[in-house]
Structures are given as structure tokens and as C-alpha cells.
Amino acid sequence: APFTSKTPLSFCQYNGSVCCNATEDLKLRNQFKSMNVSVSACASVLKSILCSRCDQFSAELYRIDSAQRTVPVLCNSSISTSSSQSQQAKVDYCAEVWDKCHNVAIINSPFALQAKGGIQINSTSKLTELWQSKDAFCDEFGGASDDGATCFNGGPVLLNSSENISPPSGICLEKIGNGSYLNMVAHPDGSNRVFLSNQAGKLWLAMVPEQGSGETLGIDESNPFLDLTDEVHADAALGLLGIAFHPNFQQNGRFFASFNCDKVRWPGCSGRCSCNSDIGCDPSELSSDNGARPCQYHSVITEFTTNSTTLNLSLVSQIRLVEVRRILTMGLPFTSHHGGQILFGPKDGYLYFMMGDGGGSGDPYNFSQNKRSLLGKIMRLDIDTIPSAKDISEFDLWGNYSIPKDNPFYEDDELLPEIWAMGFRNPWRCSFDSERPSYFLCADVGQDQYEEVDIVTKGGNYGWRVYEGPLLYNLSNYSEANNSSNPINAIFPVMGYNHSSLNKAEGSASISGGYFYRSMTDPCLYGRYLYADLYADVIWAGFENPKGSGNFTTDQLAVKCAQDSPIQCNAEPELTSPALGFIFSFGQDNKKDIFILTSNGVYRIVRSSRCNYTCSRENVTDFTAPGSDVDPPSSSPSSGSKFSSPLTLQILVFTCVSFIGLLSFLL
């Protein structure tokens with residue numbers, strides 16, 4: 001992840017967020033010297049090319065998701081004049097590189113190295129010896145924004161100018177159910193059905209009515225799809241916390257649940273304690289928490305199956321309580337901050353598991369920053385590959401899963417292999433953007449000051465307990481972390497709010513993460529990330545501007561309930577907003593409509609005109625699609641020299657090329 005260097009880089013003159021520290025900057029200087037370029041004009045462009053490794057967008061410049069490159073993609077003249085890059089592309093940088101260097105001898109040329117497939121050649125070569133013409137050279141090294149990605153034009157990547165976007169007038173809701181649920185997952189068959197689960201441990205299959213039909217949620221609470229109440233221990237911060245269906249559920253019928261259990265009540269609740277000698281924690285030294293001994297409660301991920309004889313799994317309305325496989329069991333040191341959500345990555349198919357710091361004020365054992373602890377982490381697990389006995393022993397696995405080959409562990413052997421990202425206090429509701437799957441956003445509950453939303457990237461450190469959001473949490477922790485040989489380089493949140501900004505009478509704040517709004521029901525909300533607070537009837541919408549920048553502006557939106565809501569909403573006294581109660585979570589169905597799950601019921605976002613809000617993009621006569629004047633945002637970020645639609649994006653603002661290993665064979 002990019003970071004702000006404490007001292008300016010001496011060789012590569014990049015300011016602000018960079019992807020090089022002083023050691024890597026020195027390696028680039030030595031590589032440049034070893035080329036022994038005698039022509040100053042060529043030397044200048046080669047230095048710029050080498051230093052592009054330090055650009056905060058280097059992940060995209062080097063196309064790290066698709067191929068290994070030793071040279072960034074060079075902007076060339078194929079960029080169309082209508083492109084967002086057109087102003088930047090007036091200089092054909094690829095041609096400039098050829099013109100200045102084509103007849104210059106370069107020792108261990110990075111161009112020759114890429115042409116040889118990364119094989120070290122230890123020789124002197126000229127570009128003309130490997131490519132017959134400028135066109136041939138730029139065919140290999142050139143690129144343009146209209147191929148959907150970033151290119152290098154000789155300097156730091158710049159972003160497009162910002163758009164002037166007005167916030168929506170407000171959010172219109174209809175109430176379709178009175179039940180209280182923590183989780184909603186769309187049925188994998190693509191129908192208008194969803195699965196809903198409560199904290200106590202029951203899961204139901206429900207029918208979502210069409211908007212405008214006047215009907216309510218079709219659910220029979222006396223007939224659950226699955227009943228885990230005998231296994232689940234439900235308390236203030238404990239219960240059935242996550243459900244997920246295998247990406248191939250329609251073929252294999254595999255279903256997963258994440259919940260807490262009490263080993264005193266249930267013999268199947270038994271696992272390794274997360275407070276252990278490996279991380280300098282002795283459970284015998286911990287006091288009881290709310291009457292529970294350390295590691296009396298566990299976090300469990302378990303697998304079930306439909307066990308159905310029917311070939312059409314859409315017809316299955318109930319499954320047997322037979323655990324097929326225990327994926328993970330972990331004892332918890334305290335009784336709070338357990339996250340618990342599970343999600344399958346839409347691109348990689350791996351299971352992501354969100355885990356909090358285990359509880360205790362201020363993370364007293366610093367679990368979140370301990371790379372040998374799974375607390376305060378987001379994990380990424382391969383549940384399709386049964387681990388071998390060797391893997392179980394070598395990786396000291398906590399359960400029955402395998403480690404994806406591209407987990408950060410393979411680049412940082414100090415990390416436990418399960419870890420994808422770290423530095424969280426209590427991640428409460430994460431989601432992948434359905435149109436830009438590389439945008440993985442998580443809300444993280446704060447301690448006393450700040451609630452945050454993070455863009456989560458591979459190997460990212462999100463700062464807790466050194467930082468609470470963008471705010472310094474503890475000065476002594478900060479000094480310890482940043483005076484070490486391996487500073488944390490915390491990634492700050494892209495959205496959030498101070499506790500002081502909420503109704504102080506509530507006396508608390510706790511964020512509930514949501515989704516990017518991708519429904520056409522309310523086109524004025526399209527592309528905005530929605531999130532809320534547990535204790536306050538408040539919903540925020542975050543808008544990224546410019547797209548692809550990671551810069552979000554947020555607006556607190558007014559909320560009303562439609563007069564023709566199937567179930568009438570209770571209103572706050574002396575206010576027009578509905579009394580939602582505690583906002584537990586958000587849900588999304590197969591139509592991408594967004595639902596709000598609260599202590600008072602289930603609410604759906606509907607077209608704004610039903611609440612007399614104005615949305616210039618809404619076609620009132622047909623709210624299932626936008627009017628002709630609607631231009632939905634690009635399905636992926638765009639930028640200055642830069643991005644028009646990089647579906648290859650790996651959250652460029654927050655992802656850098658991991659190039660230490662690459663430089664080892666360049667030097």
C-alpha cells in the first residue's frame with residue numbers, strides 16, 4: 001500500500017504517497033548506475049521509467065494482475081481524442097523513449113529483460129538490436145487509456161479533474177417486514193428470494209415482493225431453512241454472525257455459517273485459544289469477562305449441505321442440521337469484537353472471514369498489530385482444497401482449509417498464512433462492489449472517537465490500535481510502531497465520522513457497513529456507498545470523485561418512509577424520519593436493491609418520488625430502469641493519465657507493485 005515517506009526519496013523525486021522506501025530508492029539508484037548510459041537525454045527518460053516503481057499507481061502501470069513487467073506501460077499515440085487521457089497524451093511518450101534511446105547502448109536494459117521473459121542477460125544492447133522500428137517497440141511497450149488502464153507519460157500519474165456532483169435529495173424507504181435480522185443474502189438461483197438469519201441462530205428463506213405491489217416479505221418464521229439455536233450462543237455481541245453460499249451452490253448445495261458457541265453448553269465447541277504463548281498471551285492471566293472465562297466462547301465456521309435428492313436446488317426449502325465439515329474453530333479471549341461475517345470473493349472464489357481484535361478496551365494485548373495472531377484481521381481461505389497433512393503441520397492451520405497461493409504470507413513470512421489484511425478493531429459488514437469487484441469495502445467499529453470505512457487491499461494494515469480511523473489513538477503505541485525497523489504504514493479510511501457528530505444523547509456510536517448502490521430503482525443514488533450507525537437513524541452516502549481516486553465525499557441523507565408503504569413506519573417524535581431502531585446491517589437482493597435490517601423491521605430503498613424527493617434521473621412511469629438522460633457511472637475507476645475503465649484495477653490508490661523480489665534479478 002502507498003505510504004507517506006518520513007524523509008524525501010533521494011533518487012526518485014516522488015512526493016506525497018509513494019510505494020518506495022529509502023532502501024528501495026537506493027536499489028533503483030544502483031540499478032540506474034549499473035546501466036552506464038552515456039547519453040544524457042536517454043539517461044533522463046530511463047531514470048523516469050525506473051522511478052515509476054515508486055508511483056502510488058504502480059500496480060496498474062506494471063499490470064501486476066495480468067503479467068510480470070520490468071517496464072511500465074508507456075503512453076503512446078493510439079489514445080483517442082475523446083479519451084479522458086487525451087490532454088495528457090499529446091506527448092507520445094513511447095515514441096519519445098525510442099527517439100532518445102534507440103541507438104544508445106544500455107547495460108542490462110530493462111527493455112531487453114522484458115523481451116527475454118525476465119531472464120537475466122548480463123549484456124549491453126541497443127533498442128534497434130531487438131526491435132526493427134519504433135512501431136514494433138511501441139507495440140510491445142505502449143498502451144493507452146482506451147484499453148481500460150493506466151499508462152506512463154514520464155511523470156507521476158495524475159487524476160482527472162473532479163466532477164461537480166450534487167447529493168441526492170434523500171432516501172425513500174418502504175417497510176416490508178417486522179422481523180429483526182442480522183444477515184441477508186440473495187438466493188444463488190437469481191430469483192426474487194433471499195435468505196435472512198437472526199442473531200439467535202435461525203435462517204429463513206423469504207420471498208421479496210415486487211416494488212409497488214403493496215405486498216410484504218413472504219416468510220414463514222415457524223419453518224426455518226436451518227435452525228442452529230442449539231449450537232449458537234447468542235448474547236449482546238455473540239450469535240449467528242455470518243452466512244454464505246458457495247459460488248457453485250446451484251450445483252453442489254454447499255452452505256456456510258459463522259457463529260459463536262459456548263464450550264460449556266456444547267461439546268462441539270472446542271478449539272485452540274487465540275490467547276496463547278505464540279503471541280505472548282497467557283489465558284490463565286486473563287480475568288473473566290461478563291461472567292465468561294477466556295476462550296469459553298469460540299468463533300466457528302462450519303459447512304452444511306442441502307443433502308437433497310432433487311437436481312433443482314432452487315426447490316430446496318429446508319436442510320438437515322448435519323455439519324459436513326468444520327472449517328475453523330477459534331477460542332476468544334473476551335466476549336466482544338468478533339466480527340464474524342463471511343463472504344466469497346466474486347473473482348477468486350475464496351472465503352473471506354472478518355475477525356475483530358477479540359475485545360477489551362484498546363486491544364490490551366495488541367492482537368490487531370500482531371502478525372502471528374488472527375485477531376483484528378481479515379482472513380482469506382481456500383475451502384475447496386482439502387489441506388494435506390504436510391500443509392496442516394507446516395502452516396499450523398486452525399481448521400480444515402487450505403491457503404491461497406497468493407495470500408500476503410508468501411511475500412511477508414512474518415504473517416500467519418491465513419491473513420489478507422490486518423489492523424482492524426471490529427469489522428462490521430464488508431462488501432465487494434458488484435460492478436467493480438476489486439473495491440472491497442469494510443466498516444470498522446471505533447473505540448471512543450471515530451467510525452471508519454476502509455478500502456481493503458492485499459496485505460494492507462489499517463492502523464488499529466495505533467490509529468483509530470485517521471486519529472492517533474495512543475502516542476506510546478505510535479512511537480513503538482514507527483521507530484521500529486518495520487513501521488506499520490497504516491492505510492487511513494476513505495469515509496467515516498466522528499462520534500461527536502452524532503446525537504450525543506445516544507452516548508455511543510457503532511458503524512454498520514453497507515453497499516455501493518447499483519440498483520436503477522433510485523438512479524440518483526447509483527454508484528454511492530451507503531452506510532449507517534447502529535444507534536442513530538442516520539444513513540450516509542459516499543461518492544468517489546474523481547472515479548478511481550479513492551477520494552470520497554460523504555453526505556448525510558434525509559430519510560423518509562413512503563406513504564404507501566406496505567407496513568406503515570413508526571415516526572420519530574416531532575420528526576418526519578421513520579423510527580428505524582437499531583440499524584444492524586444492510587442487505588442486497590438479486591436486483592441489486594438495497595435493504596436495511598433493523599431492530600424494528602426490514603426496509604427497502606424505493607424510488608425517491610414515492611417520498612416526494614426530486615431525482616432528475618428518475619423515470620417516474622418506469623422505475624425499473626433509468627430515463628434516457630441517465631448515464632450510469634463507469635463500472636470501474638477512471639483517472640487522468642490514468643484510467644477510463646480499468647477492470648484490471650486492484651484498488652490502485654492503495655496497491656503498489658511488490659517489486660523487491662523483482663529487483664533482485666534486475667540487479
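Predicted model: local features only at pLDDT ≥ 70, side-chain atom pairs only at ≥ 80, totals over all residues.
Let's start with helix H7, which covers residues 134-141. Which residues of H7 are buried? They are Phe 137, Cys 138 and Phe 141. Look down the axis of H7 and you'll see these buried residues fall within an arc of 90°, so they line one face of the helix.

Next up are the charged pairs. Side chains of opposite charge can pair when their charged atoms come close. How many salt bridges does the structure hold? The count is 21, and we'll visit a few of them.

Find Arg 254 to begin with. Its side chain meets that of Glu 303 in a salt bridge, at 2.7 Å from N to O. This pair links distant parts of the chain: Arg 254 belongs to strand E13 (residues 254-262), while Glu 303 belongs to strand E15 (residues 297-305), 49 residues apart. Are these two buried or exposed? Both Arg 254 and Glu 303 are buried. For Arg 254, the relative accessibility is 15%, and since buried means under 20%, Arg 254 counts as buried.

Arg 254 has another partner too: its side chain forms a salt bridge with Asp 384, at 2.8 Å from N to O. Asp 384 sits in the loop between strand E19 (377-381) and helix H9 (389-395), whereas Arg 254 is in strand E13, so the pair ties together parts that are 130 residues apart in sequence.

Now move on to Asp 412 and Lys 371, whose side chains meet in a salt bridge of 2.8 Å, N to O. Here, too, distant parts of the chain are linked. Asp 412 lies in the loop between H9 and strand E20 (419-422), and Lys 371 in the loop between strand E18 (351-354) and E19, 41 residues apart. Asp 412 counts as partly exposed at 24% relative accessibility, but Lys 371 is buried, with a relative accessible area of 18%.

Definitions and conventions
Residues numbered from 1 in each chain as written. Heavy atoms only, no water. Buried < 20%, exposed > 50% of the residue type's maximum accessible area, 1.4 Å probe, protein only. Helix = DSSP H or I, 4+ residues; strand = E, 2+ residues; numbered from the N terminus. Arc of directions from axis to C-beta. Salt bridge = Lys/Arg side-chain N within 4 Å of Asp/Glu carboxyl O.
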